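Take a moment to look over the model before reading on.

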Amino acid sequence: MEPATMAWTLAAAGFALVYWFVWVMGAAEVQGKRAVDLQMGSIADDKVGDRYSQYWSFFRSPKETAAAATADKVPAFVDTFYNLVTDIYEWGWGQSFHFSPSLPGRSHREATRVHEERVADLLEARPGKRLLDVGCGVGGPMRAIAAHSGSDVVGITINEYQVNRARSHNRKAGLDKQCEVVCGNFMAMPFPDASFDGAYSIEATCHAPRLQDVYGEVFRVLKPGGLYVSYEWVTTPLYRADDPEHVEAIHGIERGDALPGLRRQDEIATVAKEVGFDVVKELDLALPPALPWWTRLKMGRLSYWRNSLVIRALTLLRVAPKGVSEVHEMLYETAHHLTRGGETGIFTPMHMVLLRKPATAAE
């Protein structure tokens with residue numbers, strides 16, 4: 001082959017490779033983020049590194065983070081966390097920021113939808129009902145539940161960037177009249193008492209320093225007799241605080257996911273009863289016969305370096321803000337800890353509780 005021809009061939013192949021990695025590879029499940037569109041939420045590009053350093057310093061010791069002296073600062077740092085990770089989540093994961101059990105012969109996207117529709121079924125949702133999504137992210141579950149049940153859904157997230165992303169997705173899906181999103185703290189929600197027929201939270205309340213605060217707010221805004229279902233991140237009875245490997249995995253999950261200390265599995269129902277709920281059902285959805293939820297995390301080294309190369313190249317070209325590489329590395333390390341938590345059985349992200357506000361509860 002002539003040198004000139006070879007050069008043109010290599011250039012064309014290189015262009016095709018870059019095009020695939022950057023403009024095609026990694027698009028979220030339903031027209032989400034592309035690599036070239038990565039932002040760090042509402043953080044200015046020149047402030048990303050500083051905000052990441054502040055976040056990492058604050059969550060370096062999750063148990064201390066949950067202490068009374070620092071607990072009031074947690075919401076602001078959770079907001080920072082979602083500014084840092086939202087676009088990367090959408091790019092690499094999709095619009096539903098949660099796990100789901102793997103299903104034989106079904107795609108991850110289908111398994112995610114089934115996991116979300118289970119919530120609607122547990123809540124007995126139907127047209128005419130008004131549901132609350134507690135910690136809605138960019139609204140993937142909200143749209144699935146609204147489409148499946150016909151209910152109206154209001155979501156709340158502490159992050160303004162996620163509010164704008166969710167509203168944009170709602171419009172694209174033709175569900176903006178059925179789905180509403182507000183910015184707020186789910187430990188002090190801007191809703192009247194007894195204003196929702198049902199409520200749910202999918203892997204969201206783990207960000208609350210005290211579960212009583214968020215459960216108490218959900219209890220307040222539910223109508224008497226209303227149902228609430230939550231998928232909780234918890235340690236299981238297999239966790240041993242004297243096992244260094246167990247401690248490393250759990251602390252790695254907490255640091256990399258903005259968690260002020262994971263709760264034990266047996267604490268959830270106790271807290272629910274404490275604020276006034278009746279416990280209808282409690283079940284770890286990760287237990288057999290469910291298939292492993294962590295299979296999506298077991299990304300091969302080649303895939304990781306591919307993604308890392310894309311991000312570094314975009315940072316070098318100033319398409320992506322400086323600091324995104326460090327955030328991507330943090331999420332990769334966190335994925336390792338989550339996988340270890342799942343494989344050892346010491347952690348589950350889907351401890352399900354179905355709760356009811358008593359019909360006799362005062363409004």
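E203 is buried, with a relative accessible area of 7%. (Buried means under 20% relative accessible area, exposed means over 50% and partly exposed is in between, using a 1.4 Å probe and protein chains only.) You'll find E203 in the loop between strand 4 (196–202) and helix 9 (211–221). Helices (H or I, at least four residues) and strands (E, at least two) are DSSP runs, numbered from the N terminus. Phi of E203 is near 55 degrees, a positive value in a residue that isn't glycine. Most residues other than glycine have a negative phi.

A258 has a positive phi too, about 60 degrees. This residue sits in the loop between helix 10 (244–256) and strand 6 (263–264), and it counts as buried at 0% relative accessibility.

## A note on the model

This is a predicted model, where local features need pLDDT of at least 70 and side-chain atom pairs count only at pLDDT 80 or more, while totals for chains, interfaces and linings use all residues. Residues are numbered from 1 along each chain as its sequence is written, and side-chain values use heavy atoms, leaving out hydrogens and water.

## The cores

The largest nonpolar core has 42 residues, and Y200, V229, W233, W293 and F347 touch the most other members. (A nonpolar core is a set of buried Ala, Val, Leu, Ile, Met, Phe, Trp, Tyr and Cys residues joined through side-chain atoms within 4.5 Å.) What does W233 touch, leaving aside neighbours within four places in sequence? Its contacts (heavy atoms within 4.5 Å) include E203, F99, L338 and F347. There's also a second, separate core of 29 residues, with F59, I88, Y89 and A320 among them.

I88 also turns up among the residues touched by H328, along with Y304, N307, S308 and I311, not counting residues up to four places away in sequence. H328 belongs to helix 13 (residues 324–344) and is buried, at 8% relative accessible area.

In helix 2 (residues 48–58), the buried residues are V48, Y52, Y55 and F58. Looking down the axis of helix 2, they fall within an arc of 130 degrees, so they line one face. (The arc is that of the directions from the helix axis to the C-beta atoms.) An α-helix has 3.6 residues a turn, so residues three or four places apart point the same way.

## A cis bond

P288 and P289 are joined by a cis peptide bond, with omega about 15 degrees. P289 lies in the loop between strand 7 (278–284) and helix 12 (301–316).
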